[in-house]
Amino acid sequence: MISDKLRDQTISFTKEIQALLNCTIANHVQIRAVALQVGDDRLFMLGHLLDKRTLTAQRFPLKPRAPKVELWMDVSFQLRLDAEREHLMVHKSFAGLFGSKDAKHGLFHYDYERDKADGYPDAHLQVGASSEFFETLNDPKCDPGRSLAQLHFPVGGKRFRPCLEDVIEFLAVERIAQTKDGYEKVIEAGRERFRRNQLMAAMRRDPATVDAFIARYRSTEKA
């Protein structure tokens with residue numbers, strides 16, 4: 001059975017993500033959570049109209065600023081409790097932008113996979129673009145035909161990776177998607193909450209640095 005703590009924290013997170021999207025760049029997004037048992041671990045998968053059978057989230061439409069084009073966003077999360085079974089932790093996340101509901105390739109996507117096993121960065125960005133210059137850098141023996149879109153750009157690791165609010169801000173300031181009035185306050189509040197949670201997690205994992213900071217702060221106060 002899924003623990004009450006995991007379920008309750010997941011429900012709260014689900015509501016946050018749904019409200020964030022619907023108050024900034026989307027309409028009628030419905031984030032659903034599906035509980036899973038993976039070995040001895042318990043986790044939840046989240047996404048728009050997530051299908052319980054296929055565990056696949058649906059993309060949802062955005063309103064592009066450019067006329068006569070489609071714009072679709074794909075957002076999903078996989079959550080579990082941390083090692084101490086106290087705090088909700090993102091195990092995987094995905095946020096991407098596409099030109100149709102079923103397109104295989106899009107403009108970009110941000111991926112996060114904790115402790116990624118294939119050697120690529122846990123948190124990375126991939127951009128659907130090409131570069132003639134990059135193609136000249138490929139080793140023909142090892143990487144013939146590799147494109148720019150296949151590169152995994154590191155984006156801050158597990159602790160300082162971009163949040164969904166950063167992606168929404170990008171779509172807004174680069175005039176890609178239409179936004180709602182007051183979206184700035186919504187994403188700033190969400191980003192502040194994300195960064196505070198990440199800071200608390202970093203402090204829990206590195207108490208020696210926290211102690212050193214407190215000691216230095218106290219010594220400064222006495223001076």
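A residue counts as buried when its relative accessible area is under 20%. In this predicted model, Thr-24 has a relative accessible area of 0%, so Thr-24 is buried.

Let's look at where that threonine sits. Thr-24 belongs to the loop between helix H1 (4–22) and strand S1 (31–38). Its side chain reaches back to the backbone oxygen of Leu-20 at 2.6 Å. Leaving aside residues up to four places away in sequence, Thr-24 touches Ile-168, Gln-178, Thr-179, Lys-180, Tyr-183, Val-186 and Ile-187.

Now to the aromatic rings, where the count comes to four pairs. Two of them are set out here.

| Pair | Centre to centre | Angle between planes | Arrangement |
|---|---|---|---|
| Phe-13 and Phe-77 | 5.1 Å | 85° | edge-to-face |
| Phe-108 and Tyr-110 | 5.7 Å | 80° | edge-to-face |

Phe-13 lies in helix H1 and Phe-77 in strand S4 (residues 72–81), so their pairing ties together parts that are 64 residues apart in sequence. Both Phe-13 and Phe-77 are buried.

In the other pair, Phe-108 has a relative accessible area of 6% and is therefore buried, whereas Tyr-110, with a relative accessible area of 22%, is partly exposed. Ring pairs also bring in Phe-170, linking Phe-108, Tyr-110 and Phe-170 into a cluster.

Leu-199, Met-200 and Met-203 make a nonpolar surface patch of about 270 Å². Of these residues, Leu-199 has its place in helix H5 (residues 183–205).

How values were computed: Residues numbered from 1 in each chain as written. Predicted model: local features only at pLDDT ≥ 70, side-chain atom pairs only at ≥ 80, totals over all residues. Heavy atoms only, no water. Helix = DSSP H or I, 4+ residues; strand = E, 2+ residues; numbered from the N terminus. Buried < 20%, exposed > 50% of the residue type's maximum accessible area, 1.4 Å probe, protein only. Polar contact = N/O pair within 3.5 Å; in protein donor to acceptor, adjacent residues only side chain to side chain. Contact = heavy atoms within 4.5 Å. Patch = residues over 30% accessible without salt bridge, like charges linked within 9 Å, V, L, I, M, F, W, Y side chains within 5 Å. Areas by Shrake-Rupley, 256 points an atom, 1.4 Å probe, with all protein chains shown as cover. Salt bridge = Lys/Arg side-chain N within 4 Å of Asp/Glu carboxyl O. Phe/Tyr/Trp six-rings, centres within 6.5 Å; stacked < 30°, edge-to-face > 60°.
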